[in-house]
Amino acid sequence: MDQLIAQSIQLFHHTLHSDANVIKAAEEQLSQIKVTEGYSKVLLKILASNEVDISIRQSVAVFLKNMIIRRWRGVEDESPISESDAEFIRENLIDLLVHSHHLVQNQIEVMIEIIANRDFPEKWTSLLPKALQYINTQDIKLILAGLTSLQLGIKRYQYIPSDDKRRESLYEIIKQIGPLLLQILEFLANHQTVESAIMQKKIIKIYSYCMKFKIPELLVQPEVLKGWLNQFVRIIQRDISVQENSKFIEDCRKNHWWRLKKSTSTLLCTILRKSGKIRKSDPETQKQLSALFMPAYSIEIMKIFYEQLSGLVAKNNGVFYERYQKKLIEYFTTSVIYGTTYVVMKTFLNDLIQKILFPILCFNEKDAELWEDDPQEFLRSQFESAATFATPRIEALNFIIDVVGKRGRANLDSIMGFCIQKLNVYNSAADASQKNPNEKDGILIIIAVLSTYLKNIKFYRSNLEQMLLLHVFPELTSEHGFLRARACILFSEFYNIEFSNPVYFSNALKLILQLMSDKDLPVRIKAGMSICNLVRAHQGLNEIRPILPQLLDKIFSLLGEAESEELVVSIESIIQRFKHEIAPYATNLIRNLSEQFLRLLELEKDPENESVASQECLMVYCTLLRALKDVPDVFNQMENYIVPILQTLFKEDCIMYLEEALRILTFLTYYPKSISPLVWSLYPQIMGLFEEFACDFISSYVNPIDNFISYGTEVFFSTPQYIEAIFNMYKKMVGDIRHSPVDASDACKIMESVVQRGKGRIDNAIAPIMEIACTRLLNKEKDNQMSKEFMVYLIEIIANCIYYNPSIAIKYLESNNLVEPIFSKWFSNISKFQRFYDKKISVLAFSALLSLNPAPNFVIHGTTTIITMMLNFTVDMLKIEEDLDKKNAEYEAELLKGNITEEEEEEDELDEDLDDLLKNHDREFEFAEVKDTDDCEGDDDHEIFLDDLDKVTEYYRSGAGDLNIEDGEDDFEFEGELQHDENEDDEDEQLFEDEDTPDFETPIDDVDGFEYMLGSIQFFFQANPACGSKLTEDQQKKIQEYIRIMPERKEKLRIEKEKEDKRQAEYERKQKEKVQNLVQ
């Protein structure tokens, strides 16, 4: 043992060596040694030894922690730790926490948590007794170790739902330790040491863990609850002395007293939410808590929190923990929901908003310091705080939003009255020294967050122009940079109001454009961000159009100064608004965008960087490619910049970008209508990515792969490995019954494209394709995931193969005795074939069967059924065509009348959202009527409650079982009536409603199913005249009628195609002319 200890110390010493080869060799030896029986004892002894260098002990602690993480239950290629080693670690880890160096204690605590989460209390039976033994001593170190171990053991219960039997042990533990913990908390009230604060915080954490899900009965006994709440209030009301506060002035997070207050305020917010609104399904103990807490305690605590907020800044000389302040405000935000608390809060609501929350919103000294010394950090703090909701300022805004949105118009009027009064005082001041710009910034923030109400209530809407002219536009030239930035935001917020004079908007817009070159970075960025909304307005376009390239360059320049997704969105808005003018600048735009994307991608590798600007860049690619769809020549130039970006993204470490990258590839392969060699180079990369780990993204693969097949047909079918990659994808997704019906359906869509585009070129693949589809379709195993839609896709794979080559397809079915089960499944689910495509591919497949000569026996015997199916589908298809003809006729009529133009139709999509906003201005916003004493709807009422997450959700298969047809003959016969549908209710059920896949352009689009059907029927009865007697009189008449109208139909289709070709040619001519004019 001693020799192994010495060897291990030496190896860990080598892991700290400067030579990478020495480090690697040491790590390899340690990997071999760690599986040795009893090696955990060696590591624990090293950690407990004060004679070993602390840097080595730190390395050992990290090594042991990682070993426990990986080997406690065994992961992948590592076997679980032996039971003897596990027991030794459990028995000694808490002792080690007491005696180890403080620099390794954090790692030991992580080990305790991991093991407790898996083994406590069932296997780790000694944790509770030992923790209690330590807590009952007079030694501070032992008490801390005992409370820490207890906290980490109880922590596991916060994730165990109410009806889980594992939670029952918590109730017994709390009965045992609850009174003791309360006694300790009361005892620590008289001890003002840092250790006291740490221990109290641990007890608060233990109590917090018990509040998740079902609460232990002991904690809702009236006297017990009162005792705990008294201690919570005592902690909140305890003042932090000047001496205590002076130790961590720069970072209050390190002050244990502030952290204790924050944890306690968080707990009280949790108790309020837990008590506030009770559902019938809530545990009985939660109802008891509500009955005790809401009538009195909730109000008393609210008053105490009000006192805390009132004196927080003054009492502590501006030095306090902001997250504590945020939690105090959060209590009031939550109290807005409940009538019990709101009716009391209302008595001091104005003071709460005007005297406490409003100063928090105002520009302050900390903001000013950041603005001057680190403008990048100023912007970052704003962006990140808005995203994480972790600041008092954001929580104050949440309160204002909720108190207006949930409690009505009176609060809006009161808040706006306060804002207007402050703005008037500011404007009426005799000179600048009497104006308070910081307060004005706070007022403008409030107005911005209430903008939705102001724009949709007539009284306020009618005064918005005056408000902007008097109080906002003047600040665009303010001497204070933060007011210039705020004015940009306010103008952008109200971009879509109607101005009495367009000059007002134009002048303000010109100032915004100038501010993009302001001396202060935050002003430049905010001005650039405001462009996002301003270009959506119907006004001001003439100011932007002449400077479009300069504006784009400027925003890209700003993006280089600050990684803001809002700036990227501004670029996207410009492209959408000026899509016809953007073509001449496209290549330069793509180059700049690619440079910025790669820069942002590198920056976002930092785990502390929460920006998503790089993802927004990918959205801009999509927007730009869509905007340039009528200028395919530009794509060849842009590919040189886009393809290298996609090559970077189609890798495992960029999986989070895969969906957007595939979307870009979709546009890159669709709009040019041809695939360049450079773009083809991406195909093997994306298919390799799919095979390795991207099968969950198959829905994003469908469109780009279909484009490769459709617009690069010759290259695709002349490259065997390309076809093989698709077959492997299809086999993986459809052949494995564990893959979901949705994902497997997407694989079917891709394979349909291959079969239709490859007519006559993939004969050898038809049988394997059918084998996979038939096997999955007929699989009756319980684990076979099936849906009605997926069933249709599988049958359509078979239909496509029959249409591709009926001889090959039928040969496969007959040789494998699959004719009867496949056609039985097909016909018994016929009502599920609801889309035009479903009906058409079925008609084409049936027609292909009739074209066989000699006809198979099952076709001869089932003539009546097949013909009936074809005629029924044809009636449906003709009805769909008729409806489309009506819509087209209405559109043509509107064009002739001059009511719309094709260009206006194209612009409609862009202006739709804006028009909706403007139309909404004619509607008066109506607040929900809620009495002050009543509860109102909370934000989490529509969320899934965690209590329900543990329940096993039964997976319902939407597809029905197979229809059993007793027939002993090899040749399948369709005798008598049609087979009954497996689910007759399907006739009224709409399938495929959730699909987001656009209609593909396929070879069968150009095939007139009507003509093809009639031709096959005529051929069949000429070759098999005896079968004519199987038709009913009505069917014979219907066929004759169809034959009679066929020439007329052909002429109609010819004229329609001619019209469409002319319209498309004229459209393309206009687009080219427009682009040429812009270039000139």
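**Entry 1: a helix pair**

I looked up α22 and α26 and found that their crossing is left-handed. Left-handed means that the near helix is turned anticlockwise from the far one by less than a right angle, and right-handed means clockwise. I am working with a predicted model, where local features need pLDDT of at least 70, side-chain atom pairs count only at pLDDT 80 or more, and totals for chains, interfaces and linings use all residues. Residues are numbered from 1 along each chain as its sequence is written, and side-chain values use heavy atoms, with hydrogens and water left out.

Helices here are DSSP runs (H or I, at least four residues), numbered from the N terminus. Helix α22 covers residues 437–449 and helix α26 covers residues 481–493. They pack at an angle of about 20 degrees, with axes 10 Å apart. That makes α22 roughly parallel to α26. Angles under 35 degrees count as roughly parallel, over 145 as roughly antiparallel, 65 to 115 as roughly perpendicular and the rest as oblique. Each axis is a line fitted to C-alpha atoms over the stretch in contact, and angles run from 0 to 180 degrees between N-to-C directions.

I then checked the contact (heavy atoms within 4.5 Å). From α22, the residues include L444, I445 and I447. From α26, they include F482, L483 and R486.

**Entry 2: another crossing**

I turned to helix α5 (residues 83–99) and helix α8 (residues 140–154). Their axes come within 9 Å and cross at roughly 135 degrees. The two are therefore oblique to each other. The crossing of α5 and α8 is right-handed. I94, L97 and V98 in α5 meet K141, L142, A145, T148 and S149 in α8.

**Entry 3: A661**

I found A661 in helix α35 (residues 658–670). Is A661 buried or exposed? A661 counts as buried, at 0% relative accessibility. Buried means under 20% relative accessible area, exposed over 50%, partly exposed in between (1.4 Å probe, protein chains only). Leaving aside neighbours within four places in sequence, A661 is in contact with L646, L649 and F650.

**Entry 4: aromatic rings**

I noted 45 aromatic pairs in the structure. Rings of Phe, Tyr and Trp (its six-membered ring) pair if their centres lie within 6.5 Å; planes under 30 degrees apart count as stacked, over 60 as edge-to-face and the rest as tilted. F363 and F482 are stacked, 3.9 Å centre to centre with 10 degrees between the planes. They sit 119 residues apart. F363 is buried at 7% relative accessibility, and F482 is buried at 10%.
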